[in-house]
Amino acid sequence: MRIRAFALLCAGALILDAALAPEIEILGARPDFLVLALVYGGLGIGVSISIIAGFLMGLMVDSELPEYLGLNALALSITAFVSASVLDRLVKSQVLVQCSVIFGATLLRDTIFYTIYYRGNLDIFGHFVLRYSLVGAGYTVAIGLLIHVIARLANWRAITGAPRR
């Protein structure tokens with residue numbers, strides 16, 4: 001995956017996260033397009049570029065919450081690092097591995113962000129994780145699975161890990 005293509009993927013994720021995610025929420029949970037972009041970017045472009053992209057996307061998202069400026073940047077940077085590092089050590093082409101990494105990355109981002117956002121109030125944090133974060137992570141995995149199927153059909157090596165025919 002080239003840097004330009006990854007930049008377009010990140011821009012698309014920002015747009016989808018702001019415009020489409022609120023419209024397609026299920027039970028109050030939204031898919032996390034930013035995490036999907038970082039995970040699939042980590043598959044195709046590597047750890048360091050994914051961390052930078054996570055930081056920049058996080059700053060753009062943080063512009064909506066100036067009192068928490070940098071919080072999304074921190075959460076997405078750490079998520080990009082962990083997910084790309086994990087994918088470097090696993091069989092990237094297996095769809096179960098990708099789904100597991102997407103699920104874990106979504107939960108990691110939510111855990112980092114909402115631990116600081118709720119300032120250690122475990123009652124609210126626990127309710128949020130059980131009510132929204134787990135459902136949102138499953139929803140994000142379902143969209144990631146759809147992307148994987150489309151990538152298989154289109155022979156995108158960066159996502160599927162399979163050689164082109």
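Which helix contributes the largest share of the nonpolar patch? In this predicted model, that share comes from helix H4, spanning residues 71–89, which supplies 5 residues. The patch lies on the surface and is formed by Leu74, Ile78, Phe81, Val82, Val86, Leu90 and Ile116. Together these residues have about 530 Å² of accessible area.

Ile116 is classed as partly exposed because its relative accessible area is 41%, a value between the limits of 20% and 50%. Leu96 is also found in helix H5. Leu96 counts as exposed because its relative accessibility is 66%, and the exposed class begins over 50%. Between Leu96 and Ala5, which are 91 residues apart along the chain, the C-alpha separation is 25 Å.

Helix H5 also packs with another helix. Two packed helices are described by the distance between their axes and by the angle between them. For H5 and helix H6 (residues 122–154), the axes come within 9 Å and cross at roughly 145 degrees. This crossing is right-handed.

Residues of H5 that meet H6 include Val95, Gln98, Cys99, Ile102, Phe103 and Thr106. Further along H5, Leu107, Asp110, Thr111, Tyr114 and Thr115 also take part in the contact.

Terms used
Residues numbered from 1 in each chain as written. Predicted model: local features only at pLDDT ≥ 70, side-chain atom pairs only at ≥ 80, totals over all residues. Heavy atoms only, no water. Patch = residues over 30% accessible without salt bridge, like charges linked within 9 Å, V, L, I, M, F, W, Y side chains within 5 Å. Areas by Shrake-Rupley, 256 points an atom, 1.4 Å probe, with all protein chains shown as cover. Salt bridge = Lys/Arg side-chain N within 4 Å of Asp/Glu carboxyl O. Helix = DSSP H or I, 4+ residues; strand = E, 2+ residues; numbered from the N terminus. Buried < 20%, exposed > 50% of the residue type's maximum accessible area, 1.4 Å probe, protein only. Axes fitted to C-alpha atoms, helices over the stretch in contact; angles between N-to-C directions. Left-handed = near helix turned anticlockwise from the far one by under 90°. Contact = heavy atoms within 4.5 Å.
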